[in-house]
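Here's a walk through one model, meant to be read with the viewer open.

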Amino acid sequence: MANPPIHRSAQTLECRSAGQGAPLLLVHGIQGTADAWSPVLPALLGRRCTLPNLPGRGLSPRWSAAEALPRERYYHVDHYADLVHALAMDLAERTGQSVALAGWSMGVSVILNLLARHGDAGLERLVLISGTACATPGAVWFRGDTPAALEREARERAERLQLKAVADADAVAATWASVRHADLREAARGIRLPTLVAHGELDDECPFEHGRWLAEHVPGARWLPLPGVGHSAMAQAGDTLGSSMSEFLKA
């Protein structure tokens, strides 16, 4: 269980909910928001879906000088993992059921980091979409090295990935600095939960080989390659991905 300050912080996040049944927590990508799940959400309503916006997104809090954490730690994959863990444990406690976790892009990094930091108690199964256990080398979401360059690049990326709502530029920059140096391969190899790995074959931001590595190294993982699909798998293959997730979550 996350410590009390983290737990209270998690309760300040904007969270949307939909559906009924066993709990499913959906974690968005580095630049996206809970809206990124819209193309697959109709297929998942046999689950009680919770869709948080992590800090710097939607109506969730932004960093301020009053925060105990510095900006670079506030928008860090460690902080996100602790927040998501607190949400998952709260769901498990309130529903009396184990929680399924699904992540897209950065959401995969958050889930793997959560497992490394907290273990899998209270969790049921995992869905890992368009993600990586180790971004460097090969996975490049942003190349800019100044706030202005990152902001411009973030706008261009949002348009390319068909994102309807986007994270604040400073949140994106700080988050990328933490994700690009994270090596979560040991956490992936240690997974003992049923896991579905899905990845677009034409992904030019997180190459296909990163998804295939996860499928080969997560024990017993189910592998779903997506032909003709790039990084924005949910927008480009919503029907296929939604039905595959629904089937997996019912197993």
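Leaving out residues up to four places away in sequence, Leu101 touches Leu24, Leu25, Val84, Ala88, Ile111, Leu114, Leu123, Arg125, Leu126 and Val127, where contact means heavy atoms within 4.5 Å. A quick note on ground rules: this is a predicted model, so local features need pLDDT of at least 70 and side-chain atom pairs count only at pLDDT 80 or more, while totals for chains, interfaces and linings use all residues. Residues are numbered from 1 along each chain as its sequence is written, and side-chain values use heavy atoms, with hydrogens and water left out.

**The cores**

Leu101 and Leu123 touch the most other members of the largest nonpolar core, which has 55 residues. A nonpolar core here is a set of buried Ala, Val, Leu, Ile, Met, Phe, Trp, Tyr and Cys residues joined through side-chain atoms within 4.5 Å. Buried means under 20% relative accessible area, exposed over 50%, and partly exposed in between (1.4 Å probe, protein chains only). The elements giving two or more residues to this core are β2, α3, β4, α4, β5 (123-129), α5 (147-160), α6 and α8 (208-217). Helices (H or I, at least four residues) and strands (E, at least two) are DSSP runs, numbered from the N terminus. With 11 residues, α3 supplies the largest share of this core. Another core lies apart from it, with 27 residues, among them Leu26, Leu196, Met234 and Ala237.

**The sheet**

Now for the strands. The model has an open sheet of 7 strands in the order β1-β3-β2-β4-β5-β6-β7, with mixed pairing; two strands pair if DSSP finds at least two bridges between them. At the edges sit β1 (15-18) and β7 (222-226), each pairing on one side only. Neighbouring strands are turned by 15 degrees against each other on average, direction ignored. Axes are lines fitted to C-alpha atoms, for helices over the stretch in contact, and angles run from 0 to 180 degrees between N-to-C directions.

| Strand pair | Bridges | Residues opposite each other |
|---|---|---|
| β2 and β3 (48-52) | 3 bridges | Leu24 and Cys49 |
| β2 and β4 (99-104) | 4 bridges | Val27 and Gly103 |
| β4 and β5 | 5 bridges | Leu101 and Leu126 |

How many residues of strand β2 are buried? For β2 (residues 23-27) the count is 5 of the 5, so the strand is largely enclosed by the rest of the structure. Pro23, Leu25 and Val27 point one way, while Leu24 and Leu26 point the other way.

**Around α6**

Helix α6 (residues 169-179) has Ala171, Val172, Ala174, Thr175, Trp176, Ser178 and Val179 as its buried residues. They pack against α2 (71-74), α3 (77-95) and α4 (106-118).

Most residues other than glycine have a negative phi, and most peptide bonds are trans. Here Ser105, in the loop between β4 and α4, has a positive phi of about 55 degrees. Ser130 likewise has a positive phi of about 55 degrees, and is found in the loop between β5 and α5. Ser105 is buried at 0% relative accessibility, and Ser130 is buried with a relative accessible area of 0%. Pro137 lies in the loop between β5 and α5, and the peptide bond from Thr136 to Pro137 is cis, with omega near 5 degrees.

Arg185 belongs to helix α7 (residues 185-189). Is Arg185 buried or partly exposed? Arg185 is partly exposed, with a relative accessible area of 33%. Not counting residues up to four places away in sequence, Arg185 touches Ala133, Cys134 and Trp213.
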